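Hi everyone, thanks for making the time this morning. I'd like to walk you through one model, going from strands to helices to charged pairs. Here it is on the screen.

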Amino acid sequence: MRHEALKAYQVEPQNWWVGMHHPDLQIMIRQANVANAKVSLRPYEGVKLLGVERGDSDNYVFINLHIDESAQAGELQFDVSYQHATDVLSYPLLTRHPQSAARQGFSTKDIIYLINPDRFANGNPDNDSVKGLYEQARPDFKGGRHGGDLQGIIARLDYIKDMGFTQLWLTPVRENNMSEYSYHGYAMTDFYKIDPRMGSNEQYRMFTQAAASRGIGVIMDMVLNHSGLNHWWVKDKPTRDWLNFGGEFSGTSHARQTIQDPHASEFDKKQFNDGWFVPTMPDLNQRQPLLATYLIQNAIWWVEYANLSGIRVDTYSYSDKAFLAKWTERVMNEYPNFNIVGEEWSTNPATVSYWQRGKVNQDGYISYLPSVMDFSLQEALVKALNEEESWNTGWVRVYQSIANDFLYPDTNNLLIFLDNHDMSRIFTELGQDVEKTQLAMTLLLTTRGIPQIYYGSEVLLDNTGSHDHGDIRIDFPGGFEGHKQDAVSGTGLSKEQHAMQRHVRTLAQLRKKYSALSDGELVHFSPYDGVYSYIRRDKSHSILVLLNKNQTSTTINMTRYQEVLQGVKTAQDLLNNVKTNVSESMEIPKMGSKVLLLKHD
């Protein structure tokens, strides 16, 4: 006899795969009073039921399985037996993508394009507002949902490819069923479901496939620290300790330095790690083993299901650090060539480097996180371009930031950027100065690390006069009905916007053509007379980059570069495609740059 409420069972993850590196799987079953049922597995070759765990709510059970490497794809059958009835639950075991474990993550060969999907392009107006979800479309409100979706991104993939961007990082597109400010995606109410206002799970997979067909990878933005207040597990916690501070709001101190501070009190550590961001984002207790496993498996499920090439982890250090080590280790063991970047918003490289894989930390903490975000360089570059030159201001800030690379175990695997979704646009920060912005973009796309460009910065999007996130995350030109400008077709763009777009496209092409700009050694020179300079070189090419922030053209003596020129007398100016002499002196135009391919005659 089958139970009438079978359709109400919630099963997560909803499927798994055979042939995974880690052989164990934990399935969460959610259904009224399911904890009072007996759960058993019907015989299936290569799969063993290790046991069933129950929490503090009667509405959950956790099934622990061992899936042997000999197991074949098929359907598992579980008997869920109550006093007077038995339900039979089918659970799919699928075959993995070919070479899934060997997938290549994002790297220095890539340029990442960061998109706020709700603000990028509206490809399907029919899903702007969805019945059953609290917040409906409010395109005229800076903090409201504007209607951008996955279809809008799919329709502009050719533009993204043409610009030379090879990875897409979308701010979260999973369900955020919150009453307001749900457009940003960071208050998730379902970790396994794409928000219907963005599309569907299947459409997300179609999006990653369409991107892959153009040589573009997809990086998923994941949140381990918190969920949204309207997540179903807030009102019905699987265990009493599922949420920090007993499920009651207590704000985080944001004192991230307590993690490394050898003198920090346990009180301060707890207030940082366990404190909530805001009352609408309950802080998750990753020390709870069932929750920890849930979050680990959720990440692996999305990588496998959607064929991802990377993960970006929001508010990385706010989660329990022992859990973070376990989470990253599990994901990287499953996909050894994968890449994960963690957000540790600190301009102090000593704090950020603590989290990168390979760092020998004083407290013995071992991290498995491959990549971190270089907030130090971003801040230094903005200050450098806005300040007058002196012995301790201007370009020297960039020089000093990069000189701190000795703190990182893997400097090439730093994610570098001019701006992102949480800070003012680079054009805004540089006082709407096009020449400064071009200098910044030249450095971004020719120095060490993995460059990330925020959508629309290639056409000088601007939030001057406001630091509100809704103005920083403004609509992409041409992505919505009624726009007079279109970044894709070029319609309505100013002369300066066209020039910036061409500059970015040219630099992206150069980075792709010359591996020295992506993978080469970096040797930089102390700033001199308003010029910052460095060489990128590998076995194939040597490229000298000269950045002049003076308001007049500047002639520099090339003898200071003899150690890298090594007798070379001519070079190809890659930005202007002209041959130039580098044996004695070089003139750099005001607020201009030279990207010189050295010619070994």
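This is a predicted model: local features need pLDDT of at least 70, side-chain atom pairs count only at pLDDT 80 or more; totals for chains, interfaces and linings use all residues.

Let's start with strand E1 (residues 10-12), which runs antiparallel to E3 and is joined to it by 3 bridges. Two strands count as paired here if DSSP finds at least two bridges between them. Residues are numbered from 1 along each chain as its sequence is written, and side-chain values use heavy atoms, with hydrogens and water left out.

Back to the strands. Glutamate 12 has methionine 28 in E3 as its bridge partner. E3 also pairs with strand E6 (residues 60-67), again antiparallel, through 7 bridges. There, arginine 30 stands opposite tyrosine 60 in E6. How much of strand E3 (residues 24-30) is buried? Of its 7 residues, 5 are buried, so the strand is largely enclosed by the rest of the structure. By buried I mean under 20% relative accessible area; exposed is over 50%, and partly exposed is in between, using a 1.4 Å probe and protein chains only.

Now look at the loop between E1 and strand E2 (16-17), where you find asparagine 15. Asparagine 15 is buried, at 8% relative accessibility. Its side chain makes a polar contact of 3.1 Å with the side chain of tryptophan 301. For a polar contact, the cut-off is a pair of N or O atoms within 3.5 Å; within protein, one must be able to donate a hydrogen and the other to accept it, and residues adjacent in sequence count only if both atoms are side-chain atoms. Leaving out residues up to four places away in sequence, asparagine 15 touches Tyr91, Pro92, Leu94 and Trp301, where contact means heavy atoms within 4.5 Å.

E2 also belongs to an open sheet of 4 strands in the order E2-E8-E7-E4, with mixed pairing. E2 and E4 stand at the edges with a single partner strand each, so one side of each is left without a neighbour in the sheet. E4 and E7 run antiparallel and are joined by 4 bridges, and lysine 38 has serine 81 in E7 as its bridge partner.

On to two helices. Helix H4 (residues 201-212) has 12 residues and spans 17 Å from its first C-alpha to its last, close to the 16 Å expected at 1.5 Å a residue. That expected span is 1.5 Å times one less than the number of residues. Buried residues in H4 include Tyr204, Phe207 and Ala211. Among the elements covering the buried residues of H4 are strand E11 (217-223) and helix H7 (289-306).

H10 is mostly covered, with 9 of its 12 residues buried. Among them are Phe375, Leu377, Leu381 and Leu385. The cover over the buried residues of H10 includes helix H9 (349-353), H11 and helix H13 (434-444).

Finally, the charges. How many salt bridges does a search of the whole structure find? The search finds 30, with a salt bridge being a side-chain nitrogen of Lys or Arg within 4 Å of a carboxyl oxygen of Asp or Glu.

Aspartate 79 pairs with arginine 42, with the closest N and O atoms 3.0 Å apart. This pair links distant parts of the chain, 37 residues apart: aspartate 79 is in strand E7 (residues 74-81), and arginine 42 is in the loop between strand E4 (38-41) and strand E5 (47-53). Aspartate 79 is buried at 15% relative accessibility, whereas arginine 42 is partly exposed at 38%.

Another salt bridge joins arginine 96 and glutamate 334, their closest N and O atoms being 3.9 Å apart. Arginine 96 lies in the loop between strand E8 (86-94) and strand E9 (112-115) and glutamate 334 in helix H8 (residues 321-334), so the pair ties together parts that are 238 residues apart in sequence. Both arginine 96 and glutamate 334 are buried.

And one to finish with: Asp221, Arg312, Asp314 and Glu343 are linked in a network of salt bridges.
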